[in-house]
Each structure stands twice: as C-alpha cells, then as structure tokens.
Amino acid sequence: MIYDLVLKIGHDYAGSVADARHVLRVRPRTEPGQRVVSSALAVAPEPDESFAEADFFGNPMDSATLYRPHSRLDLEMRARVEVSRRAVDLAATPPLGRLADAARLCRSGGPDAPMHFLGRSRRIALPDPVRTYAAECLDNEAGAGAAILSLAMRIKADFAYRPGATDVGTGAAAAFAERRGVCQDFAHVMIAGLRANGIPAGYVSGFLRTDPPPGQPRLEGADAMHAWVTAWLGPDCGWVGFDPTNGVLAGDGHIAVALGRDYDDVAPVAGVLVTAGPQRSYHAVDVVPHEDPSLPMRETSATSASEKPSSSKDRKISSTFSL
C-alpha cells in the first residue's frame with residue numbers, strides 16, 4: 001500500500017521566545033516492510049541552524065535551532081511511504097519460555113538487540129501488578145506470538161479509550177491503575193507487562209490509516225498520531241508489531257515514524273526554549289492511501305485535529321517540552 005502523509009504541528013506562545021532548540025522525530029522510518037519514497041520537512045520560522053541525522057535506533061531526526069525572537073512555531077512534514085508488512089505465522093513462533101531464555105542469552109548490542117528492551121526505562125517501571133496481569137496471558141508453554149496477541153486483546157477489552165483521562169507525562173503504572181487512557185498509555189502498559197515477564201518489547205509511534213463508515217467520504221484531518229508495541233519473537237521471526245488499542249497485529253495500515261524504549265525516545269517534538277507564560281499546541285494528520293505510486297503527492301489543507309493548552313505554568317522562564 002502507498003500512503004501520502006501530511007503532519008502539521010504548531011505551537012503558539014504567550015510571550016516571545018528568545019531562544020529555542022528542537023529535536024524533531026516526525027519523518028517516517030525505513031525498516032523491513034516499510035520504504036520511504038520521499039519526505040520533506042518545513043519549519044517556520046526558518047531555523048538559524050539545522051541538520052538531519054539518524055538516532056541510535058535508526059529513527060530520522062531533525063535538529064533545529066532558532067536564535068531570533070518568535071511567538072509561534074509551525075512544522076509541516078510530507079512523505080510518501082510504501083508499506084508491505086510480511087504475514088506472521090503466530091503458530092510458528094517459539095514457546096514463551098524459550099523466547100525469554102533466548103533474549104537473556106543474546107549478546108548483540110546493535111539497535112535492534114533485545115537487551116535494550118528488557119528492563120526499566122524512563123517512562124516504564126515493572127510493578128508487580130502489571131507483571132501479574134500480563135502473566136495471566138503469557139503461558140510459558142504457549143507460542144509467543146499468540147500469547148502476546150492475547151495480551152493486546154485483553155488490554156483492549158479491559159481498558160477504556162478516554163482522551164483527556166491521562167496526559168503526556170502519565171507512566172505505565174498510573175495508566176494501569178486508571179484502566180483508561182489513550183494509545184500511548186496502552187502501549188506503555190503492554191510493554192511493562194511483557195518486559196516484567198522477560199519478553200523484549202519496544203514503543204512505536206506513527207500513523208494509523210482510519211477508514212470511514214461505509215458510504216461516507218474520508219475526513220481529512222481526522223487522523224491522529226498513534227502508538228503501538230513491537231515485541232521480539234526470537235532470532236528467526238524477529239520483531240513484530242502489536243496494537244493494544246485495537247487488539248490486533250500491526251499491519252499495512254500502521255506507518256511507523258519512530259521506535260524506542262518508551263515515549264521519551266520517540267517524542268515528535270522535544271527540546272528547550274526560553275520564554276514566559278503558557279503555550280498552546282495543535283497537531284493534524286492526514287493519511288491518504290494511493291494504489292498508483294506514479295501519482296503526484298496530493299495537496300491537502302489539514303486543519304487542527306486537536307488543540308489544547310500546554311501544561312507550562314505562567315512565568316516559567318526555561319522549559320523543556322514534548323508533544
């Protein structure tokens with residue numbers, strides 16, 4: 001499947017920003033089953049310094065520094081991506097017990113090595129209640145793929161999707177206690193449960209194709225950034241995506257942007273700025289499928305999909321932020 005993607009992110013500041021340094025992870029990544037045909041990123045105001053590179057996990061990363069005073073920041077990313085994920089035979093995956101042993105014995109230190117995705121991380125603790133909850137789905141004698149999918153399906157059934165019930169700073173333990181939240185929370189809970197039981201698991205941010213009801217046109221700007229889980233199913237099968245928000249395997253409708261240990265590794269916008277007062281942010285996403293890759297990228301006019309006040313307090317002089 002070929003997709004044209006448009007992501008727009010904006011920040012309005014109450015006071016003038018004197019200095020800002022941003023790290024942006026908004027371009028789709030290239031990985032098995034996903035090829036980036038083209039991508040472009042526009043930043044306004046134009047940065048005084050900028051460069052592009054890949055981070056440790058292979059995520060495209062753009063850095064932008066602005067020294068001139070400004071009261072607004074706008075980002076627009078456009079990309080064309082081809083997605084063709086391999087079918088996964090869950091019945092052919094190794095038993096969970098053997099998988100956990102293989103993860104502990106693996107000595108690779110590369111970006112996709114299971115060792116990076118086994119322990120605690122900044123957003124993910126390994127509390128006993130989450131360990132026990134996940135273990136009820138993770139029979140050591142069962143096939144790893146089917147058992148992990150059953151955990152994703154259980155999270156979908158047990159947790160309520162409630163935008164606004166949590167915020168960007170909510171950790172896995174708090175989300176588990178609340179039993180409600182959004183895709184970020186469900187991914188963190190699932191990762192914590194898997195790691196606590198010895199299964200390597202990472203966090204993926206990206207886009208999800210959303211289909212309109214039958215007979216209705218697709219609504220531009222109605223999509224939002226999504227999050228799901230990637231779990232290691234052994235050296236033969238490798239990493240496979242699971243979506244606990246929808247209780248399914250990640251498929252051709254999931255377009256990956258960044259992968260890491262938790263949200264802090266993949267935040268679309270992170271950095272430091274100097275200002276006073278609160279800020280308001282919005283983001284809008286369009287995911288447009290194409291059957292013919294020779295077609296030019298479609299022009300869209302995506303509008304705000306969500307707008308909310310920042311949690312920054314008045315008179316804060318220096319702040320770090322992530323969206």
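**Strands 10 and 11**

I started with strand 10 (residues 225-232) and strand 11 (residues 239-243) in this predicted model. I found four bridges joining them, and the two strands run antiparallel. Which residue of strand 11 is the bridge partner of Trp232? I looked it up, and the partner is Trp239.

Next I checked what packs there. Helix 5 touches strand 10 and strand 11, and also strand 9 (201-208). I noted that the direction of helix 5 makes about 10° with that of strand 10. Helix 3 (residues 144-158) lies across strand 10, strand 11 and strand 12, and runs at about 25° to strand 11.

Five strands form an open sheet, in the order 12-11-10-9-13, with antiparallel pairing. Which strands stand at the edges? They are strand 12 (248-249) and strand 13 (254-260); each has a single partner strand, so one side of each is left without a neighbour in the sheet.

**The nonpolar cores**

I turned to the largest nonpolar core, which has 69 residues. Ile148, Met190, Leu194 and Phe207 touch the most other members. Helix 5 (residues 183-196) gives this core its largest share, eight residues.

Leaving aside neighbours within four places in sequence, I found Leu194 in contact with residues including Leu138, Ile148, Val229 and Ala231. Another core, of seven residues, lies apart from the largest one; Phe57, Phe117, Ala256 and Leu259 are among its members.

Is strand 1 (residues 2-17) largely enclosed or left open? I saw that 13 of its 16 residues are buried, so strand 1 is largely enclosed by the rest of the structure.

Strand 1 is joined to strand 15 (residues 279-290) by 12 bridges, and the two run antiparallel. Here Leu5 stands opposite Val287 of strand 15. Strand 1 also pairs with strand 6 (residues 70-83), over 12 bridges and again in the antiparallel sense. I checked two places along that pairing: Val17 has His70 as its bridge partner, and Asp4 has Arg80.

Strand 6 is also joined to strand 3 (residues 34-44), by 10 bridges in an antiparallel run. In this pairing Ser39 stands opposite Ala79.

**Confidence**

Last, I looked at the confidence values. The mean pLDDT of the chain is 86, and 87% of its residues reach 70 or more. I marked residues 300-323, where the pLDDT is below 50. Beyond near neighbours in sequence, that stretch has 72 contacts in the model.

Definitions and conventions: Residues numbered from 1 in each chain as written. Predicted model: local features only at pLDDT ≥ 70, side-chain atom pairs only at ≥ 80, totals over all residues. Heavy atoms only, no water. pLDDT = per-residue confidence, 0-100. Contact = heavy atoms within 4.5 Å. Core = buried A, V, L, I, M, F, W, Y, C linked by side-chain atoms within 4.5 Å. Buried < 20%, exposed > 50% of the residue type's maximum accessible area, 1.4 Å probe, protein only. Pairing = 2+ DSSP bridges. Axes fitted to C-alpha atoms, helices over the stretch in contact; angles between N-to-C directions.
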